[in-house]
Amino acid sequence: MKKLAILIAFIFILTVTSACGKTSDQLNTSQALQSNEEKHQEQKNKGDDSLNIPPDNEETTTTSHNSQQEVTPNNVETLPDHAALDIPTSDSLIRSPEGKNLSQVEWQPGAPDVTLPIRFGTTEAELVLGLDHPNGTKAVMIFPSTPVGWQLDLSGDTGVFDEYGELQEGYKIQAALHDFDQDGINELIVTAGDSIIDLSIWVYSFTTVGDLQKINPIKQELSITGQRYIELDDDEIIAPYGSQGLFEYYKYVDKVFMQPVY
């Protein structure tokens with residue numbers, strides 16, 4: 001009987017020990033699984049956060065892009081920039097009050113034709129200077145949008161041309177653009193002379209017309225004479241004459257050149 005009781009007690013101890021071992025193993029397994037799940041969730045959260053957080057260079061890239069947009073010029077039509085001729089001031093027939101050359105194109109007899117690109121507002125044009133055929137002097141305004149060219153009116157009290165309409169020997173013809181009334185549309189100045197004692201000046205304006213092939217949009221506004229050169233000063237033309245350092249002034253007022261009294 002005593003042996004049976006000992007055997008039962010031994011079996012009970014084995015059973016309890018086995019049960020405790022399994023519980024400990026389950027507990028460890030559960031903790032391990034929970035730890036793995038937490039790590040997995042943490043990695044997932046980190047991955048999600050990495051999708052929402054912008055890269056370090058995103059702000060820099062955006063700033064650079066915005067800066068590029070700010071400095072990109074708009075597609076605005078502007079007047080062409082005509083540089084002055086690279087000639088000595090003493091050879092210039094059109095000058096600034098400071099004595100700088102303002103002539104933008106020059107033609108002399110025996111040279112090939114020369115062209116001055118022009119834009120009157122939104123209308124493109126070209127002034128062509130050269131020897132006419134069979135004789136005479138060519139001063140033609142061409143509009144690329146039409147096949148027609150208009151000869152400039154070079155009439156007036158002038159002695160720069162010979163009996164055939166050609167420039168006198170030693171003479172030259174120069175031209176420049178100048179906006180006398182600051183309305184955004186240039187006027188055209190054409191001069192011809194010998195840079196010494198004889199000079200003729202013509203000024204032309206442009207008017208928008210319905211048909212460039214039928215109506216000449218170029219009008220002569222002024223035809224005067226002088227000596228050596230003229231000066232362009234805002235809305236004025238200053239033309240020297242005589243041998244005493246005298247000047248004549250022509251002021252552009254309401255589309256008309258007038259001689260003010262000083």
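Is Asp 234 buried or exposed? I looked this up in the predicted model: Asp 234 is exposed, at a relative accessible area of 55%. The cut-off for exposed is over 50%.

Entry on Asp 234, continued. I placed Asp 234 in the loop between strand S11 (230-233) and strand S12 (236-241). I noted its positive phi of about 55°, although Asp 234 is not a glycine. Most residues other than glycine have a negative phi.

Entry on Gln 182. I found Gln 182 in the loop between S7 and S8. Gln 182 is not a glycine either, and its phi is positive, about 55°. With 62% relative accessibility, Gln 182 counts as exposed.

Entry on strand S8. I then followed the chain to S8, residues 187-193. Seven of its seven residues are buried. I checked both faces: Glu 187, Ile 189, Thr 191 and Gly 193 lie on one side, and Leu 188, Val 190 and Ala 192 lie on the other.

Entry on the partners of S8. Strand S7 (residues 172-178) runs antiparallel to S8, and seven bridges join them. In this pair I noted Ile 173 opposite Ala 192. Strand S9 (residues 199-206) is also antiparallel to S8, joined by six bridges. The hairpin of S8 and S9 has five residues between the strands, and in it I found Ser 195 with a positive phi near 65°.

Entry on Pro 134. I looked at the peptide bond from His 133 to Pro 134 and found it cis, with omega near 0°. Most peptide bonds are trans. Pro 134 sits in the loop between strand S4 (123-131) and strand S5 (137-142).

Key. Residues numbered from 1 in each chain as written. Predicted model: local features only at pLDDT ≥ 70, side-chain atom pairs only at ≥ 80, totals over all residues. Heavy atoms only, no water. Buried < 20%, exposed > 50% of the residue type's maximum accessible area, 1.4 Å probe, protein only. Helix = DSSP H or I, 4+ residues; strand = E, 2+ residues; numbered from the N terminus. Pairing = 2+ DSSP bridges.
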